[in-house]
Amino acid sequence: MRSIRCQSLGSARNVFTKLAKSTARHFENAGLLYSVLCALLLLGVGAYLAPTSALSAEEAPFDVVLRGGLVYDGSGAAPQRADVGLRGDRIAKIGDLSNAKAKLNVDVSGRAVAPGFINMLSWATTSLLVDGRSQSDIRQGVTLEVFGEGWSMGPLNQAMARDLAAGQSDIKYKVAWRSLGEYLRHLEQRGVATNVASFVGATSVRIHALGYENRRPTEEEMAEMRSLVRTAMEEGALGVGSSLIYAPAFYADTAELIELCKVAAEYDGLYISHMRSEGNQLLEAVDELLEIAKEANIAAEIYHLKAAGRANWPKLEEVIQRVEAARKEGLRITADMYTYTAGATGLNASMPPWVQEGGYDRWRDRLRDPDIRRRVLLEMKTPTDKWENLLLMAGSADQVLLVGFRNNDLKHLTGKTLAEVARQRGLSPEETALDLVVEDGSRVECVYFLMSEENVKKKIALPWVSFDSDASSLAPEGAFLKSNPHPRAYGCFARLLGKYVRDENIIPLETAIHKLTQFPAQTLGIRGRGSLAPGYFADIVVFDPIRIRDLATYDNPHQYAQGVEQVFVNGVQVLKNGEHTGALPGRAVWGPGKWRKKNGKARPPVVLTETARRIHASAPVIDGHNDLPWQMRTLASRSFEKLDISQPQPKLHTDIARLREGGVGAQFWSVYVPAETAQTGNALLQTLEQIDLVKAMMDRYPDTFEFARTADDVQRIRAAGKIASMIGVEGGHSIENSLAVLRQLHARGAGYMTLTHSDTLQWADSATDKPQHGGLSPFGEEVVREMNRLGMLVDLSHVSVETMEDALRISQTPIIFSHSSARSLADHPRNAPDHILRKVAENGGVVMVNFFSGFIEPESARRMASMFDVMRELHEKYPEQKKYDRAMARWRAQNPMLPGSVHDVVDHIDHIARVAGVEHVGIGSDFDGVPMLPRQLEDVSTYPYITQELLNRGYTEAEVRLIMGENVLRVMRAAENVAKKLSRR
């Protein structure tokens with residue numbers, strides 16, 4: 001971005017940055033110790049820590065080596081026979097470790113070795129408080145429990161905490177927390193075998209603000225609810241969870257949920273929902289979820305996808321079609337499921353929500369009122385689309401199994417059907433249900449048989465479905481034996497791998513493992529888990545694919561699954577030869593909001609560690625956009641004599657010493673010329689002058705710079721200790737509407753061209769000008785095709801969304817955004833919206849994040865969104881340059897930008913990695929082309945701070961290298977290969 005003229009780029013480095021660098025240097029010798037202390041102080045207990053330098057020490061012994069297993073890495077790829085070496089809490093190496101030493105060697109030959117499984121909906125919120133071993137899940141290979149279906153264990157006000165304590169039944173515990181983050185840390189400190197994470201419950205937030213009332217929240221209450229979600233997201237919640245068939249969640253309308261989800265979306269959270277209907281209004285419920293996702297711009301997941309009730313079974317096909325259509329349009333919609341035809345909940349799901357308003361006590365009192373009782377009985381027997389009646393959907397009371405009572409006098413009924421108890425009492429099933437709720441002092445836990453086996457198999461095969469138990473994690477002992485759970489508590493995951501994968505071949509084993517591991521980890525936006533790869537946390541399950549199976553039944557549910565032999569959590573063995581070791585190494589796992597702004601407060605400076613320096617030095621560090629040539633043109637009349645960049649140049653963001661300090665391995669130098677040169681007729685001339693200027697720089701400093709055209713050139717030049725230098729043309733106005741000129745620029749060394757700059761062209765619409773073509777004109781489409789033939793990268797920075805869509809549709813090669821950021825985080829038309837990010841992933845391209853404060857800091861982006869329109873208006877009003885400059889200075893003074901910090905830039909990297917994948921993001925600084933930069937990213941020496949913050953957020957060394965340049969090399973190679981193929985036609 002150049003049209004913002006830089007009057008002064010600053011003669012001094014930011015004092016704050018100097019202090020941070022000084023501190024980092026002071027502690028260099030402390031290395032790892034200091035990084036750990038900083039992480040604990042800044043991120044809290046349980047935060048991700050960067051991998052340590054010990055991972056690269058090949059001579060050091062491993063703590064554990066799993067030898068000879070069939071390794072399923074979680075990607076869905078076919079397995080490979082390999083050894084897996086662990087050091088500390090991380091995977092250190094995968095491969096042939098036959099000569100490596102280890103403190104513990106485990107022979108796993110003939111066994112599947114996979115990442116630990118992720119339980120997308122666990123109700124182990126209370127069971128883990130009394131038994132942290134998580135036996136029934138650990139013995140199925142689960143290493144991460146995810147909570148938060150509507151109700152979450154925080155935030156709690158005093159009344160909610162009191163109710164939670166008073167409502168306890170067989171499981172007794174002290175409510176020693178108030179916020180969701182405090183609850184997760186409480187679990188971690190008490191000791192749990194599995195890792196734990198949670199959504200913030202929309203129900204919990206509603207109860208906190210307005211109790212159990214059936215009404216819309218006031219503006220003040222809605223503001224409180226949004227604030228509670230914001231706090232929970234910044235504590236590390238994964239998003240917002242809802243359970244809309246139950247009171248009081250049922251009382252929330254769509255608009256309320258959208259408002260809560262808008263807050264979660266700011267933190268890259270997920271909306272996950274037990275939808276308003278899974279039966280008669282199933283399709284309408286899906287439409288509501290899609291509406292919430294679209295209006296809040298949030299990814300959304302359907303909890304335990306099902307079509308409940310025989311009459312509704314055929315609807316599943318339409319649900320699948322609607323979800324897949326939404327996904328094709330760019331919405332991030334997923335689902336999870338359990339592997340049974342019965343669901344489990346309470347008798348409240350057979351009664352109208354209105355009678356439950358106000359909580360259990362008021363519900364019980366209403367059921368004792370004869371008039372209300374008659375009305376409830378009538379509604380329970382009357383089919384309706386207004387609420388979800390699971391008793392009717394089950395077909396009969398014989399299909400409702402009573403499994404959990406609070407009242408000891410009723411526990412003898414555990415395991416009987418509602419029909420059996422009704423016959424014993426000589427009452428109707430509906431009357432019996434009402435009496436049981438009153439007598440038991442609870443909703444009475446029960447199992448409803450609702451779904452078809454055919455649909456279960458159909459859902460398992462869907463690529464966008466993961467798995468959940470929707471149950472506690474239990475053990476066949478103590479208080480747990482006082483009620484009967486759904487057998488899914490003991491068998492859900494083993495049932496998938498045994499019955500449906502091995503015995504019925506519904507999906508291959510590697511696909512099932514992907515859907516249990518990497519896929520849900522990506523859906524949740526958590527880093528460092530879900531894959532077997534060096535640098536990832538050592539959450540590992542070893543099982544026998546031949547023996548694994550579920551044994552729990554509805555009649556006898558307290559039976560462990562078999563076939564899982566070894567489980568490691570954070571590198572610690574929790575299951576050994578099928579038996580629990582007693583180890584409790586589980587940690588709280590945080591959502592991406594943990595590292596976002598804390599209620600508007602500035603985040604602490606990033607402190608460099610030796611680990612980050614080492615990893616950064618190993619990365620290619622390819623920047624997509626630097627405007628040094630323009631600064632040399634305007635400040636030094638294109639003369640490196642006047643501005644010798646081999647010397648410190650405080651007026652610039654770039655000089656050789658700072659390039660070296662920043663570890664830059666390759667740079668696309670922008671040969672920008674202003675968009676108005678298209679009107680004056682000298683766009684090509686000035687562009688050629690800029691290309692000559694870049695080449696003059698290489699000639700002047702041959703020991704530093706060397707021209708690169710291919711990915712192999714980049715690697716060769718970098719290996720020689722030089723900076724590989726490439727050329728990017730910023731704006732299609734430079735070709736003056738001629739394909740011949742395009743070819744000429746490519747021949748002169750241009751590696752990419754940005755299709756437009758600030759102005760709409762005769763063949764392409766700009767993001768910051770009035771559209772004329774609805775994207776690309778036919779000639780514009782031919783420009784893209786010609787760039788493909790030449791092997792020239794198509795750059796979509798500065799173009800309109802419609803132009804982005806057209807180029808992505810046409811281009812046979814992966815595209816780039818050489819210097820653009822995420823529009824969801826900073827709403828500027830220059831940035832890429834989420835649906836485009838998804839298309840970039842499909843195309844194989846890469847978005848290189850811009851550092852300009854006006855494009856990455858949210859408030860600054862809002863203020864800058866109108867900048868190009870203002871510039872055009874002022875140019876028309878003030879043709880004289882001096883008057884125009886004064887007018888623009890006044891506008892800038894009235895619309896000041898906030899600088900932001902390196903955290904904001906990494907927020908954008910994080911978001912793009914979340915939406916498009918870590919393989920599709922890079923860096924494109926726009927150094928020397930912008931007037932304001934974030935703290936700790938003031939010049940080209942500061943790239944290591946990005947590496948450090950990525951490590952702080954849980955990115956692995958391999959992922960850092962992708963972001964810092966390997967993704968761009970991949971795209972370059974792809975463009976080269978396509979050009980070769982097209983040239984042969």
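Biologist: What should I know about the model before we start?
Modeller: It is a predicted model, in which local features need pLDDT of at least 70 and side-chain atom pairs count only at pLDDT 80 or more, while totals for chains, interfaces and linings use all residues. Residues are numbered from 1 along each chain as its sequence is written, and side-chain values use heavy atoms, with hydrogens and water left out.

Biologist: What is the strand order in the open sheet of 3 strands?
Modeller: The order is 6-7-8, with parallel pairing. Strands here are DSSP runs of E with at least two residues, helices are runs of H or I with at least four, and both are numbered from the N terminus. Two strands pair if DSSP finds at least two bridges between them.

Biologist: Which strands stand at the edges?
Modeller: Strand 6 (117-119) and strand 8 (195-198) do; each has a single partner strand, so one side of each is left without a neighbour in the sheet. Neighbouring strands are turned by 20° against each other on average, direction ignored. Axes are lines fitted to C-alpha atoms, for helices over the stretch in contact, and angles run from 0 to 180 degrees between N-to-C directions.

Biologist: How many bridges join strand 7 to strand 8?
Modeller: Strand 7 (residues 142-147) is joined to strand 8 by 4 bridges, and Leu 144 stands opposite Asn 195 in strand 8. Helix 6 (residues 180-190) packs on the sheet and touches both strand 7 and strand 8, its direction making about 170° with that of strand 8. Contact means heavy atoms within 4.5 Å.

Biologist: Moving on, at what angle do helix 17 and helix 18 cross?
Modeller: The axes of helix 17 (residues 453-460) and helix 18 (residues 488-503) cross at roughly 100° and come within 12 Å. The two helices are therefore roughly perpendicular to each other, a term for angles of 65 to 115 degrees.

Biologist: Which residues meet there?
Modeller: Glu 453, Val 456, Lys 457 and Ile 460 in helix 17 meet Leu 496, Lys 499 and Tyr 500 in helix 18. By class, the contact has 4 nonpolar, no polar and 3 charged residues. Nonpolar covers Ala, Val, Leu, Ile, Met, Phe, Trp, Tyr, Cys and Pro; charged covers Asp, Glu, Lys and Arg; the others, Gly among them, are polar.

Biologist: And strand 18, which way do its side chains point?
Modeller: In strand 18 (residues 540-543), Ile 540 and Val 542 point one way, Val 541 and Phe 543 the other way, and all are buried. Buried means under 20% relative accessible area, exposed over 50%, and partly exposed in between, with a 1.4 Å probe and protein chains only.

Biologist: What does strand 18 pair with?
Modeller: Strand 5 (residues 112-115) pairs with strand 18 in the antiparallel sense over 4 bridges, with Ala 112 opposite Phe 543. Strand 19 (residues 564-569) also runs antiparallel to strand 18, joined by 4 bridges.

Biologist: Which residues have the most contacts inside the largest nonpolar core?
Modeller: They are Tyr 271, Leu 347, Met 351, Leu 497 and Phe 543, in a core of 122 residues. Such a core is a set of buried Ala, Val, Leu, Ile, Met, Phe, Trp, Tyr and Cys residues joined through side-chain atoms within 4.5 Å.

Biologist: Last topic: where is Asp 926, and is it buried or exposed?
Modeller: Asp 926 is in the loop between strand 30 (921-923) and helix 36 (943-952). Asp 926 counts as buried, at 0% relative accessibility, and has a positive phi of about 70° although it is not a glycine.

Terms used:
Angles under 35 degrees count as roughly parallel, over 145 as roughly antiparallel, 65 to 115 as roughly perpendicular and the rest as oblique.
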